[in-house]
Amino acid sequence: MMKFYWLLFMLMLLVACQGTLPTAQPGVRPIYLLQQLPESDLKQRLQACQHNTFYRSDFSIAHRGAPLMFPEHSLESYHAAITMGAGMVECDVAFTADQQLVCRHAQCDLHQTTDILLRPTLAEKCSQPFVAADPTTGTSASARCCTSDITVAEFSSLCAKMDGVNTAAQQVADYVKGTPVWRTELYTQCAKPMTHQESVALFKQQGVKMVPELKQAEVPMPFNSRYSQQQYAQQLVDDYKASGVPPSQVYLQSFNWQDIEYWLTFEPEFGRQAIWLDERYEQPGFDAMKPDSWQPSMQQLKDAGLNIIAPPLWVLVTEQKGKIVPSRYALAAKAAGLKIIAWSLERSAPLKTGGDWYYQSLPLTATDDSAVLQLLDVLAQDVGVIGVFSDWPATTTYYANCLLNPKH
């Protein structure tokens with residue numbers, strides 16, 4: 001009898017837990033990728049989940065929202081990502097002329113991610129106005145518009161668009177039409193750009209965790225001779241404090257190790273789960289299979305207080321006898337006690353069209369889109385990442401529900 005009541009209690013607990021988890025709508029893309037997989041145990045296990053109910057997962061991290069099809073860092077992109085089950089959502093943070101924080105991948109990318117060049121009054125404020133392509137000299141069309149060129153009010157008046165420009169353009173109207181053919185402009189009708197504070201309010205209301213990245217300033221710091229890098233890093237944290245967001249809900253990010261050190265020292269509650277975006281792969285001679293080529297060591301990073309490291313996908317894996325396996329970099333990070341997050345899935349053109357930067361360590365296996373799920377499986381099961389950034393979070397949501405936490 002006691003066993004019966006125990007089983008009944010566990011069943012009630014399971015139902016209650018499922019009732020508290022927001023459901024997700026992964027849609028058709030994970031099924032499309034699943035169909036590309038060769039017959040295998042992985043394919044069978046993923047197919048078995050097709051008709052399940054899906055739930056939000058922290059393993060699924062929205063990279064700039066859902067920019068495979070929606071303008072990055074826009075309200076529409078964030079809503080799409082959350083609907084697809086992303087449990088963690090990213091706002092890359094840059095600052096405006098009046099030193100307010102906004103969600104933008106780079107400080108000086110407004111010419112390619114918004115319609116600023118189509119707004120004559122605001123276009124005049126760009127650091128570099130539009131310059132038409134010159135076929136006779138082979139000069140590409142160009143422009144440079146920064147968040148720091150305009151105020152936060154002016155930023156909020158813009159329309160976000162799909163990232164891209166046409167470098168062969170003679171006219172501004174043609175220059176802003178540069179969306180890669182493997183993305184879409186179907187959802188770009190004046191998407192709303194977001195300030196950082198607006199993103200905090202949205203994510204808090206939706207109950208998702210927040211993954212802000214403090215972007216590298218592309219103007220001399222201190223900005224206007226008074227706004228320092230440390231003030232910039234502190235302002236990011238202050239926005240969460242002002243909104244009553246607990247540190248447990250925030251994963252600060254930066255490529256700049258000095259930012260990580262600042263948070264560890266002055267905001268330790270937030271700093272303990274700060275993510276260092278590791279770009280040591282840019283150092284001459286870097287090899288993910290040779291520990292001597294990436295310094296400081298993983299243990300030194302852990303001893304300095306770092307708990308989460310995030311390299312690009314290709315750094316974490318290599319090929320061995322036709323299979324995808326963890327790299328020595330991945331093994332060293334795990335051995336040092338570092339948690340790992342990978343970036344960024346589904347930011348690539350169809351893999352059958354040729355080699356891709358994110359898959360460069362997999363020249364033999366990443367020859368079609370079946371590699372997306374194969375790589376994801378190795379990252380989750382063998383590398384042991386705690387989350388994966390994706391431009392289309394439905395795929396990571398589907399995988400997490402199916403093979404990582406099927407019972408919720």
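Buried residues are those under 20% relative accessible area, exposed residues those over 50%, and partly exposed residues those in between (1.4 Å probe, protein chains only). By this scale F95 is buried, with a relative accessible area of 0%. The model is predicted, so local features need pLDDT of at least 70 and side-chain atom pairs count only at pLDDT 80 or more, while totals for chains, interfaces and linings use all residues. Residues are numbered from 1 along each chain as its sequence is written, and side-chain values use heavy atoms, with hydrogens and water left out. Helices (H or I, at least four residues) and strands (E, at least two) are DSSP runs, numbered from the N terminus.

Aromatic pairing was examined next. Rings of Phe, Tyr and Trp (its six-membered ring) pair if their centres lie within 6.5 Å; planes under 30 degrees apart count as stacked, over 60 as edge-to-face and the rest as tilted. The count comes to 22 aromatic pairs. F95 and Y232 are one of them: the ring centres are 5.0 Å apart and the planes stand at 85°, so the pair is edge-to-face. F95 lies in strand β4 and Y232 in helix α10 (residues 229-242), so the pair ties together parts that are 137 residues apart in sequence. Y232 is buried, with a relative accessible area of 1%. F255 and W343 also form an edge-to-face pair, at 5.8 Å centre to centre and 90° between the planes. F255 sits in the loop between β9 (253-254) and α11 (257-266), and W343 in strand β14 (residues 339-345), so this pair ties together parts that are 88 residues apart in sequence. F255 is partly exposed at 24% relative accessibility, whereas W343 is buried at 10%.

Disulfides were searched for across the whole structure. A disulfide is a pair of cysteine sulfur atoms within 2.5 Å. Five were found. With bonded cysteines counted along the chain, their pattern is 1-10, 2-3, 4-7, 5-6, 8-9. One of them joins C49 to C402, with an S to S distance of 1.8 Å. The torsion about this S-S bond is about 75°, so the disulfide is right-handed. C49 lies in the loop between α3 (41-47) and β2 (54-55) and C402 in helix α16 (residues 394-404), so the link ties together parts that are 353 residues apart in sequence. Both cysteines are buried.

C91 and C103 form another disulfide, with sulfur atoms 2.1 Å apart. This link is left-handed, with -105° about the S-S bond. C91 lies in strand β4 (residues 86-95) and C103 in strand β5 (residues 101-103), so the parts tied together are 12 residues apart in sequence. C91 is buried at 2% relative accessibility, and C103 is buried at 0%. In the disulfide of C108 and C146, the sulfur atoms are 2.0 Å apart. Its S-S torsion is about 100°, so this disulfide is right-handed. C108 is in the loop between β5 and α5 (110-113), and C146 is in the loop between β7 (142-144) and α7, 38 residues apart. C108 and C146 are buried.

Charged side chains were then compared. A salt bridge is a side-chain nitrogen of Lys or Arg within 4 Å of a carboxyl oxygen of Asp or Glu. The structure holds 13 salt bridges. Among them, E39 pairs with K43, with the closest N and O atoms 3.4 Å apart. E39 is exposed at 65% relative accessibility, while K43 is buried at 8%. K125 and E154 form a salt bridge at 2.4 Å between the closest N and O atoms. K125 lies in the loop between α6 (120-123) and β6 (128-131), and E154 in helix α7, 29 residues apart. E267 and K241 meet in a salt bridge at 2.7 Å, N to O.

K161 lies in the loop between α7 (152-156) and α8 (172-175). K161 is buried yet has no salt bridge; D163, the nearest side chain of opposite charge, is 6.1 Å away. Lys and Arg count here as positive and Asp and Glu as negative; His and the chain ends are not counted. A polar atom of the K161 side chain lies 2.7 Å from the backbone oxygen of G164 and one lies 2.9 Å from that of V176. Contact means heavy atoms within 4.5 Å. Not counting residues up to four places away in sequence, K161 touches P71, H111, Q112, T113, T114 and V176.

Conventions:
Polar contact = N/O pair within 3.5 Å; in protein donor to acceptor, adjacent residues only side chain to side chain.
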